[in-house]
Amino acid sequence: MGNVPSAVKHCLSYQQLLREHLWIGDSVAGALDPAQETSQLSGFPEYVKIVEVGPRDGLQNEKVIVPTDIKIEFINQLSQTGLSVIEVTSFVSSRWVPQVAAGATEISVFGAASESFSKKNINCSIEESMEKFEEVVKSARHMNIPARGYVSCALGCPYEGNITPQKVTEVSKRLYGMGCYEISLGDTIGVGTPGSMKRMLESVMKEIPPSALAVHCHDTYGQALANILMALQMGINVVDSAVSGLGGCPYAKGASGNVATEDLIYMLNGLGLNTGVNLYKVMEAGDFICKAVNKTTNSKVAQASFNA
Amino acid sequence: MATMRKVLPRRLVGLASLRAVSTSSVGTFPKRVKIVEVGARDGLQNEKNIVSTSTKIKLIDMLSEAGLPVIEATSFVSPKWVPQVAAGAKEVTVFGAASELFTKKNTNCSIDESLQRSDEILRAARAAGIPVRGYVSCVLGCPYEGKISPAKVAEVTKKMYSMGCYEISLGDTIGVGTPGIMKDMLSAVMHEVPVAALAVHCHDTYGQALANTLMALQMGVSVVDSSVAGLGGCPYAQGASGNLATEDLVYMLSGLGIHTGVNLQKLLEAGTFICQALNRKTSSKVAQATCKL
């Protein structure tokens, strides 16, 4: 960049700024500031669980293949951050029993709210996919392994366009009914806006308690954090994200994909919501993986904090 | 540093008692939003590369074709501003800040002194029948002072309003704000100044701009500043982004069914044009997603 004004040198260092504004201090939970209490009373959940999908969803959708030792180091760093859930495995094939025997602690099943998407992605109709999932989830529960359900295209489909909230509700209800402990509603191509998020959640929340729901927003059109804010206001308290915003969008060449965990935590901290996650450590893990795969971070917080 | 790992409850504690806001108010938005396009002024000023006057004029033409109702075009008005007005300026802007240190470092005087100077400009402008818009910087945080109290923002905004500014744009200059802080700041300001006279100018330095803008809309604000292609970096954080991209803002407002009068397609063309002229990539996510298809 050109000349940075000399006045800038007297600015607070970024660490100090983050500490001031994020009220992180030394405690992961953060000291409560009177200003935050107002925010907490205005309709937000007290605690938000972040589901980190970087090592799975994120890396899978990156052009570069990541060597296993780097992936392991990445996951190790993430596990030091306080993140309570880190998705690490790749898609489970139909022969999933060996993976489970290999130590998987949870399985995921992926449905879609769009027939076309279902057909193109997994080569069967929504109904057929649900039947297969029932078997998988049933067997998993037999082995005391929890199952998480995903609903793709919750706010729009690359093939069908608009998706009705009723369809999302129908599919979510099926997944919940068969025993998934949590349903992650995914805005797969990031086309959603806070209005469509609200309408979709209003419909789904009639059938499924908000505590069993999560949102998985993509930032393809820059709407992710605004959509997540709306979801939080509606009572959702589980959010999927990926460190550094790893993972592009396979449906829009050159577009970004997942919302960056760093930017999400920044917002949640500012809102005074408890996450249990240390933002600095997440930023370090993000810095590590970006250098390792030679890509620029998609996190604005990281861009603002680490010198270019 | 030892990691603190607490076993945090997965389920909400007393959620019902925290829901002070009904779901219906969460979805209340203004029917129309006026977008103030600052790309040609604020944006270009903060870019590394300089563009020719003819390029700047072409950009302004394209932005106007796109339907943007207000396009800031002129650079900062110096104290010898009468000639500029004689040259045809239709509106004048006065700049203040909610931070003493920022005001001192930026304009070498105190907040009170800067407001006095603004007052003189306002009187002259009103005598000449020229509307004056006010800006308040650092409303959600200051690069020197850190936290800024909502009361201070309200005080400065009230003064500008009573001096005669028809509209005051509240700027999150370094983009550190988050929706809760935006809400608290606006609550304080709206006690003193009618919401119809307020605008928000959010920076996307930490990726919070659109979420902060959403909160402002929910509070009743209906004027938003933004910059085509997200032009303009942040002088306080090297390598960081600056303004909220107009394309991304229009996308959200459109999705919310809010009328803006802006044609997104033409706006995207203006963005592509200026990015090529500046030899830089767009900061707009919408532009990144649509242009490569």
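In β4(A), A:G149 is the bridge partner of A:V109. This is a predicted model, where local features need pLDDT of at least 70, side-chain atom pairs count only at pLDDT 80 or more, and totals for chains, interfaces and linings use all residues. Residues are numbered from 1 along each chain as its sequence is written, chains are lettered from A and ligands numbered from 1 in the order in which they are written, and side-chain values use heavy atoms, without hydrogens and water.

Six bridges join β3(A) to β4 (residues 147–152) of chain A, and the two run parallel. Strands are DSSP runs of E, at least two residues; helices are runs of H or I, at least four; both are numbered from the N terminus. Two strands pair if DSSP finds at least two bridges between them.

Now the rings. The whole structure holds six aromatic pairs over all chains. One of them is A:F110 with A:Y150, stacked at 4.4 Å centre to centre, with 5 degrees between the planes. Rings of Phe, Tyr and Trp (its six-membered ring) pair if their centres lie within 6.5 Å; planes under 30 degrees apart count as stacked, over 60 as edge-to-face and the rest as tilted. A:F110 lies in β3 of chain A and A:Y150 in β4 of chain A, 40 residues apart.

A:F110 is partly exposed, at 23% relative accessibility. A:Y150 is buried, at 4% relative accessible area. Buried means under 20%, exposed over 50%, and partly exposed in between (1.4 Å probe, protein chains only).
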